[in-house]
Amino acid sequence: MATQRPASPGMKKSVALSDESMNSKQQTQTLIWLDQLKAGLWDFLNDMQADNCSYFNYSKSGDLYSRTSGWGLANIVFALRVLFVTGLIDRLSPRQKDNLYQGIIEHSKPDGYINDSLITSRTLREKLRQLYSQIRNGTTSAFSKNEILKTRRAETRQSFAALHLLGRTPLIPLVEIPSSKREVHAYLEGLDWSKPWAAASHFSHLLFFLRMNSEFFPSVSNGTGESLISYAVDWINGIQHEKDGCWYVGETVPLYQSINGAMKVLNGMHVAKIEEIRFVRSLIDTALSAVNDEHACNHFNLTYVLYGATRIEKDYRFGEIERFLLDRLSMYRDYYWPDHGGFSFHKGLANDSFYGKKITRGFPEPDIHGTAMFVWGIVLIDTILHLGLGWKVPLN
């Protein structure tokens with residue numbers, strides 16, 4: 001990548017913020033910071049890449065594995081998302097874009113999955129570590145073949161999405177998904193909807209691959225994708241609760257579960273180009289009552305729910321949404337490393353594990369995963385509040 005910093009175009013003057021919001025010195029400083037962020041991100045990505053975007057580090061200096069380990073799929077996927085969202089991808093040469101493509105496609109497997117084999121490998125210590133974590137969190141079992149499959153599916157989704165952003169195509173479709181209404185019904189019924197964060201993630205994967213197979217490989221899907229998507233959406237609407245707007249089974253679930261599960265449902269619907277959502281005001285009420293500040297995913301999930309809801313209800317409680325999202329942007333700054341230009345997944349620390357695999361030493365520094373999540377959150381906030389960044393919401 002070239003080292004020239006992109007010129008800052010300046011924030012548009014028609015920022016749709018209330019006078020009350022703009023009276024805060026902190027919020028004003030946040031808007032100035034956003035105006036300067038793109039140049040810092042360019043510097044960060046330049047620092048993280050090697051050999052014309054053939055490889056990216058995960059963290060600034062604490063990675064446990066190098067390029068010679070044959071890993072790095074997620075690192076390229078996250079970098080590509082940042083490049084696309086910010087428009088910095090237009091500064092890449094054709095060779096650099098080809099290298100991004102090759103860096104993803106080289107992880108393709110004969111069964112259609114695109115996943116990093118190192119991420120699904122486990123040492124005995126890592127198996128014990130994950131087992132302890134699951135016992136502590138009240139989840140089910142130690143790392144199993146089923147969980148390996150979940151990781152492979154999630155990485156394949158991220159890879160398909162990245163290739164779509166790049167305007168490229170996977171080598172082969174992922175065919176290990178339900179292909180009839182009966183199979184879709186059995187698939188959705190078999191998920192534990194009392195834990196909607198996990199269950200809705202699989203719903204979202206289903207819609208994603210039905211849509212991507214239809215776009216990438218229309219001859220394989222044979223036009224069945226649309227009808228299966230409609231069937232899946234009708235099914236999940238049957239478990240949406242009018243009181244809070246969320247999708248789950250049971251009287252109540254923890255707030256973080258319902259919010260994060262709602263994010264997965266909405267993301268799947270957006271990928272499938274489904275815009276009609278019921279009980280949107282209840283969903284906004286639930287989102288505004290939530291406090292998820294632990295790490296980047298929770299920051300992002302809450303923001304995404306508001307993004308999805310305000311695409312339909314543009315005015316409901318908008319002043320509160322505006323203040324909430326401006327405060328959220330101020331929080332994002334606590335994860336930013338101005339000397340490096342990137343974000344860390346945790347406040348003050350790089351993420352140390354990915355899908356249960358320990359991959360960094362967790363140093364106090366930025367990482368490419370946190371950077372991708374916060375940049376995605378910022379573009380959603382920009383879209384809701386019309387801040388004028390000119391960034392693009394990615395498919396994911």
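In this predicted model, pLDDT stays under 50 over residues 12–19. Here pLDDT is the predictor's confidence in each residue, from 0 to 100. The model gives residues 12–19 15 contacts beyond four places in sequence, a contact being heavy atoms within 4.5 Å. Residues 138–144 also have a pLDDT below 50. That stretch has 11 contacts beyond near neighbours in sequence. Where pLDDT is low, the predicted coordinates should not be read in detail. The average pLDDT of the protein chain is 89, and 87% of the residues score at least 70.

Two conventions apply throughout. Residues are numbered from 1 along each chain as its sequence is written, and side-chain values use heavy atoms, with hydrogens and water left out. Because the model is predicted, local features need pLDDT of at least 70 and side-chain atom pairs count only at pLDDT 80 or more, while totals for chains, interfaces and linings use all residues.

The protein chain contains 15 helices and six strands. These are DSSP runs numbered from the N terminus, with helices (H or I) of at least four residues and strands (E) of at least two. Of the 396 residues, 56% count as buried. Buried means under 20% relative accessible area, exposed means over 50%, and partly exposed lies in between (1.4 Å probe, protein chains only). Among contacts with a separation of 6 or more, 74% come from residues 24 or more positions apart. The chain exposes about 17,000 Å², and carbon and sulfur atoms supply 51% of that area. Accessible areas come from the Shrake-Rupley method with a 1.4 Å probe; for residues, only the protein chains shown count as cover.

Zero disulfides were found in a search of the whole structure. A disulfide is a pair of cysteine sulfur atoms within 2.5 Å. Cys-53 counts as buried because its relative accessibility is 0%. Cys-246 is buried too, with a relative accessible area of 0%.

Helix 8 spans residues 196–216. Its 21 residues reach 29 Å from first C-alpha to last, close to the 30 Å expected at 1.5 Å a residue. The expected span is 1.5 Å times one less than the number of residues. Helix 8 is mostly covered, with 17 of its 21 residues buried.

Gly-245 sits in the loop between helix 10 (225–237) and helix 11. Its relative accessible area is 0%, so Gly-245 is buried. Leaving aside neighbours within four places in sequence, Gly-245 contacts Gln-240, Phe-279, Ser-282 and Leu-283. Ile-277 lies 32 residues from Gly-245 along the chain. The C-alpha atoms of this pair are separated by 9.2 Å.

Helix 11 covers residues 255–271 and includes His-270. His-270 counts as buried because its relative accessibility is 13%. Beyond its neighbours within four places in sequence, His-270 is in contact with Tyr-304, Tyr-307, Gly-308 and Arg-311.

Arg-317 lies in the loop between helix 13 (296–310) and helix 14 (318–332). At 27% relative accessibility, Arg-317 counts as partly exposed. Its phi is near 50°, a positive value in a residue other than glycine. Not counting residues up to four places away in sequence, Arg-317 touches Asp-285 and Leu-288. Arg-317 and Leu-288 are 29 residues apart in sequence, and 9.4 Å separates their C-alpha atoms. The side chains of Arg-317 and Glu-320 are joined by a polar contact of 2.6 Å. A polar contact is a pair of N or O atoms within 3.5 Å; within protein, one must be able to donate a hydrogen and the other to accept it, and residues adjacent in sequence count only if both atoms are side-chain atoms.

Helix 14 has 15 residues. From first C-alpha to last it reaches 20 Å, close to the 21 Å expected at 1.5 Å a residue. Its buried residues are Ile-321, Glu-322, Phe-324, Leu-325, Leu-326, Arg-328, Leu-329, Ser-330 and Tyr-332. An α-helix has 3.6 residues a turn, so residues three or four places apart point the same way.

His-386 is in the segment after helix 15 (368–385). With a relative accessible area of 52%, His-386 is exposed. Phi of His-386 is near 60°, a positive value in a residue other than glycine.
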